[in-house]
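Hi,

Here is the structure I said I would pass on.

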Amino acid sequence: MAQTAYQSVSGHGEVRDFFALLKPRVMSLVVFSGFAGLSVAPGDLHPILAAVAILCIAVASGAAGAINMWYDRDIDAVMERTRQRPIPSGKVEPSEALAFGVILASGAVMLMFLATNAVAAGLLAAAVLFYVFVYTVWLKRRTTQNIVIGGAAGAFPPAIGWAAVTGDVGIEAAILFLLIFFWTPPHFWALALYRKDDYAAAGVPMLPVVHGTRETKRQMLLYTILLVPLSLAPCFFGFAGWQVYGAVAAALSLIFLALAIAVWRDESDRLAKRMFGYSIFYLFGLFAILIADNFLMTAV
């Protein structure tokens with residue numbers, strides 16, 4: 001267990017402190033991928049109900065982040081990247097953060113059930129529970145495969161969006177899930193490479209801390225190679241076209257692969273930060289062009 005270094009709490013947290021508990025930057029990608037799943041799913045969902053479904057995904061994602069910050073408050077106080085978060089900086093009481101997260105998560109799941117269907121609500125609940133109990137509590141501090149297995153939690157949103165419209169989960173939703181699942185390791189290990197000292201100080205067994213940078217770069221490259229054909233799967237399964245989505249997805253994926261090769265060849269970790277930044281743009285780009293392609297296909 002990492003040593004803690006809390007600052008004293010001076011009263012109740014402000015609105016911005018509780019908003020920070022929701023991990024808004026992470027939430028934005030979660031919300032967008034959920035919107036993509038909802039947008040490309042066959043069928044119709046009333047715009048108000050669609051907006052409610054996206055809101056539920058956003059709130060549940062943020063709630064899981066708040067619970068994660070409650071549980072990880074000891075290591076967050078040690079790591080330079082996280083020590084200014086609301087709990088270790090003394091702006092929010094741990095008990096307040098936990099209650100905030102549990103109430104928001106429960107409310108989001110119940111509202112999703114009322115607004116859409118049981119399948120979407122069940123997937124939303126599964127995503128929160130997986131992130132909290134499987135990733136945060138069980139895997140994060142025990143294995144180098146923490147973000148590989150735990151990354152499944154972040155891959156749920158497009159499947160949830162799909163289920164909100166269709167009431168089921170088909171092969172298309174599974175492909176969208178796998179896109180994020182295989183994207184997560186090279187994305188997060190790129191961060192871990194240039195933040196490995198932070199993770200080492202906190203006692204978190206990230207891959208570069210335990211097995212070194214060379215093995216991390218090798219596995220990043222392997223996952224990226226697998227991601228290239230997977231990014232084109234929507235075309236093979238007929239819910240995206242080759243001319244728009246296929247062409248852009250291929251270009252984005254080849255750039256991602258080129259970066260992974262460059263990181264693998266680089267003796268330092270200086271390119272890892274560049275790959276981390278591009279990985280965020282890459283996933284946003286894939287889902288944005290998927291939405292655009294679907295719009296063009298239905299408009300014709």
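Predicted model: local features only at pLDDT ≥ 70, side-chain atom pairs only at ≥ 80, totals over all residues.

Helix 1 covers residues 15-21, and Leu 21 belongs to it. Is Leu 21 buried or exposed? With a relative accessible area of 0%, Leu 21 is buried; the cut-off for that is under 20%. Leaving aside neighbours within four places in sequence, Leu 21 has contacts that include Gly 62, Gly 65, Ala 66 and Met 69, and also Pro 86, Ile 87 and Phe 100. As for Ala 63, it sits 42 residues from Leu 21 in sequence, yet the two C-alpha atoms are 8.0 Å apart.

Next comes Lys 23, in the loop between helix 1 and helix 2. Its phi is near 50°, a positive value in a residue other than glycine.

Now for helix 2, residues 24-40. Which of its residues are buried? They are Met 27, Leu 29, Val 30, Ser 33, Gly 34, Ala 36, Gly 37, Leu 38 and Val 40. The cover over these buried residues includes helix 3, helix 8 (152-166), helix 9 (171-194) and helix 14 (270-299).

The axes of helix 2 and helix 8 come within 7 Å and cross at roughly 35°, and the crossing is right-handed. Helix 2 brings Val 30, Ser 33, Gly 34, Gly 37, Leu 38 and Val 40 to the contact, while helix 8 brings Pro 157, Pro 158, Gly 161, Trp 162 and Val 165. By class, that makes 7 nonpolar and 4 polar residues, with no charged ones.

Then have a look at helix 3 (residues 47-71) against helix 6 (residues 118-139). Their axes are 10 Å apart and the packing angle is about 20°. An angle under 35 degrees counts as roughly parallel, so that is how helix 3 and helix 6 run relative to each other. Their crossing is right-handed. On the helix 3 side the contact residues include Cys 56, Ile 57, Ala 60 and Tyr 71, and on the helix 6 side they include Leu 124, Val 128, Tyr 131 and Tyr 135. The contact divides into 12 nonpolar and 3 polar residues, and no charged ones.

Further along, helix 13 (residues 242-265) and helix 14 have axes that come within 9 Å and cross at roughly 170°. How do they run relative to each other? Helix 13 and helix 14 are roughly antiparallel, since the angle is over 145 degrees. Charged residues do turn up in this contact: it has 21 nonpolar, 3 polar and 2 charged residues.

Pro 229 is partly exposed, because its relative accessibility is 47%. Its C-alpha atom is separated by 16 Å from that of Val 244, 15 residues away along the chain.

Cheers

Methods:
Residues numbered from 1 in each chain as written. Heavy atoms only, no water. Axes fitted to C-alpha atoms, helices over the stretch in contact; angles between N-to-C directions. Helix = DSSP H or I, 4+ residues; strand = E, 2+ residues; numbered from the N terminus. Parallel < 35°, antiparallel > 145°, perpendicular 65-115°, else oblique. Left-handed = near helix turned anticlockwise from the far one by under 90°. Contact = heavy atoms within 4.5 Å. Nonpolar A, V, L, I, M, F, W, Y, C, P; charged D, E, K, R; others polar. Buried < 20%, exposed > 50% of the residue type's maximum accessible area, 1.4 Å probe, protein only.
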